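Hi,

I'm passing on the structure below, with some notes on what turned up in it. Please have it open while you read.

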Amino acid sequence: MSICQKNIKIYKGQIAYTPTPEGFMTVEDGFIVVEASKVKDVYCTLPNKYKNIHVEDYGNNLIIPGFIDLHSHASQVANRGIGLDKELLDWLLAHTFKEETKFEDMNYAEAAYKEHINLLIKNGTTRASLLGTIHRESAELLMDIAARAGLGGFVGKVNMDRESPDYYIENTYHSISETEKFIRNTLGKYKMMGPIITPRFVPATTPQLMWALREIVRKFDLPVQSHLSEDIKELEYVKRLHPEFIDYASIYNYFGMFGQRPTIMAHCVYVSDEEIALMARSGVYVAHCPAANFNLSGSVAPIRKFLLAGVNVGLGTDIGAGHVISIKDVIWQAIQASRVYELRTNHKYKALTTAEAFYLATKGGGSFFGKVGSFEPGYDFDALVIDDSNIFTVNPRNILERLERFIYIGDHRNIVQKFIAGEHVI
Ligand SMILES: [Zn+2]
């Protein structure tokens with residue numbers, strides 16, 4: 001082995017990924033050559049220059065990119081499946097805010113956050129944008145737990161200084177100073193995890209707090225995440241609070257939450273064409289969380305409209321409004337939701353194909369984190385090895401049929417190896 005080949009690793013298997021939403025790239029008995037943390041290339045036949053390097057042969061197993069979760073409340077892991085027959089605002093008051101108060105207790109936070117990160121990785125999530133609570137110290141702990149587990153992504157300390165219960169609200173100045181402290185304590189501390197500014201949503205943040213967050217975003221060059229247009233009553237609530245704005249998205253834009261670094265907006269169900277155009281211009285990412293939308297509002301987001309308008313879209317579990325923690329399951333939920341949307345629009349906006357939904361779950365959301373979510377040269381090697389031999393079959397299946405069956409009827413036990421940025425993760 002020559003010196004320049006020292007950091008090279010080669011993996012062999014049945015490879016599938018989506019360089020574009022239009023379709024899968026598959027390679028039977030293919031080779032992925034990885035140098036340090038990044039993919040060098042994918043080959044049908046291994047070039048001679050690599051002949052002397054050990055090949056990790058996964059045989060008939062599938063090799064696919066890791067999954068990306070663009071929106072997950074790590075603080076709601078203990079409430080998964082609770083109160084999902086309620087509407088959003090009632091659910092927040094009845095269950096969610098009460099649960100989030102517990103994260104002042106670092107022991108509780110440690111147990112819950114360890115469980116959440118463990119579940120994400122077990123289910124093949126390799127990058128995630130996570131929400132903590134209003135508590136700075138436990139948000140820092142969440143980032144530490146995620147980084148130690150090898151996960152890549154962001155953690156936000158949530159900001160809430162109005163329209164919130166007395167037992168779960170911040171003083172504006174405290175919210176600002178704790179956010180600055182959170183940034184100073186975490187920015188640059190970890191290789192693959194970092195802070196993200198996280199106003200809960202417009203109703204829960206005063207203009208004064210929003211202005212301050214804008215300054216923090218600019219000062220530290222940070223990304224932003226929040227919620228937009230999840231529910232009709234929420235929309236009416238926002239209109240009552242801010243009659244001076246033409247729509248919900250314009251409020252975030254006015255307060256500088258769009259267009260600095262990329263921003264993630266979860267849900268985006270009831271958005272106008274003008275809001276979609278604004279989001280496209282501002283490089284906003286939609287975190288599409290179909291399970292949460294079905295659970296709390298019986299709604300479907302106009303994902304085809306976003307894609308046609310050139311808006312970035314990724315998938316999110318939205319734990320705990322969403323009850324499933326596997327992005328694999330969010331893929332089929334997104335396809336189902338898109339079929340409902342197609343029918344609702346009299347077939348004007350076509351349902352997502354499997355390739356499109358898989359793209360959203362990998363490269364679509366992955367682009368928020370850099371070159372992530374594909375096996376094209378230069379991409380971080382985030383990969384899952386899938387052993388689907390326990391999924392009953394009589395007829396021979398090709399790679400795509402096997403991948404579809406894993407997505408619809410497989411589970412975390414089929415994921416036998418995981419890599420994040422070239423590192424083997426357990
Ligand atoms: Zn959410």
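Let's start towards the end of the chain: N346 sits in the loop between helix 11 and helix 12 (354–366). Helices here are DSSP runs of H or I with at least four residues, strands are runs of E with at least two, and both are numbered from the N terminus. Although N346 is not a glycine, its phi is positive, about 50°. N346 counts as exposed because its relative accessibility is 63% (exposed is over 50%, buried under 20%, partly exposed in between, with a 1.4 Å probe and protein chains only).

Before going further, please note that this is a predicted model, in which local features need pLDDT of at least 70 and side-chain atom pairs pLDDT 80 or more, while totals for chains, interfaces and linings use all residues. Residues are numbered from 1 along each chain as its sequence is written, and side-chain values use heavy atoms, without hydrogens or water.

**The zinc site**

What holds the zinc ion? Its coordinating atoms are NE2 of H71, H73 and H227, together with OD of D318, at 2.0 to 2.5 Å (donors are N, O and S atoms within 2.8 Å of the metal, or 3.2 Å for Na, K and Ca; water is absent, so sites may look incomplete). Along the chain, these donors are spaced as H-x1-H-x153-H-x90-D. Two of them bring distant parts of the chain together: H227 is in strand 11 (residues 224–228), and D318, 91 residues away, is in the loop between strand 14 (312–315) and helix 11 (327–344). The arrangement of the four donor atoms is irregular because their angles run from 87 to 170° (tetrahedral needs all angles between 85 and 135 degrees; square planar, for four, and octahedral, for six, need opposite donors over 155 degrees apart and all others between 65 and 115; anything else is irregular).

Are H227 and D318 buried or exposed? H227 is buried, at 6% relative accessible area, and D318 is buried too, at 2%. The backbone of D318 also deserves a look: its phi is positive, near 45°, in a residue other than glycine. In that loop, between strand 14 and helix 11, you will also find G320, which a cis peptide bond joins to I319, with omega about 5°.

(On a 1 Å grid over the protein atoms alone, a cavity is where a 1.4 Å probe fits but cannot get out; a pocket is an open set with protein on both sides within 12 Å along at least five of seven lines; lining residues have an atom within 4 Å of a point. Points join across faces, edges and corners, and probe spheres set on them fill the volume.) Its lining includes the zinc donors H73, H227 and D318, and helix 1 (residues 88–101) gives the most to it, three residues.

The largest pocket has a volume of about 270 Å³. Of its 15 lining residues, E104, I134, H135, R136 and H174 lie nearest the centre. Helix 3 (136–149) and helix 4 (172–186) each give two or more residues to this lining, with the largest share, three, from helix 3.

Strand 2 (residues 23–35) and strand 3 (residues 38–43) run antiparallel, joined by five bridges (strands pair if DSSP finds at least two bridges).

Best wishes
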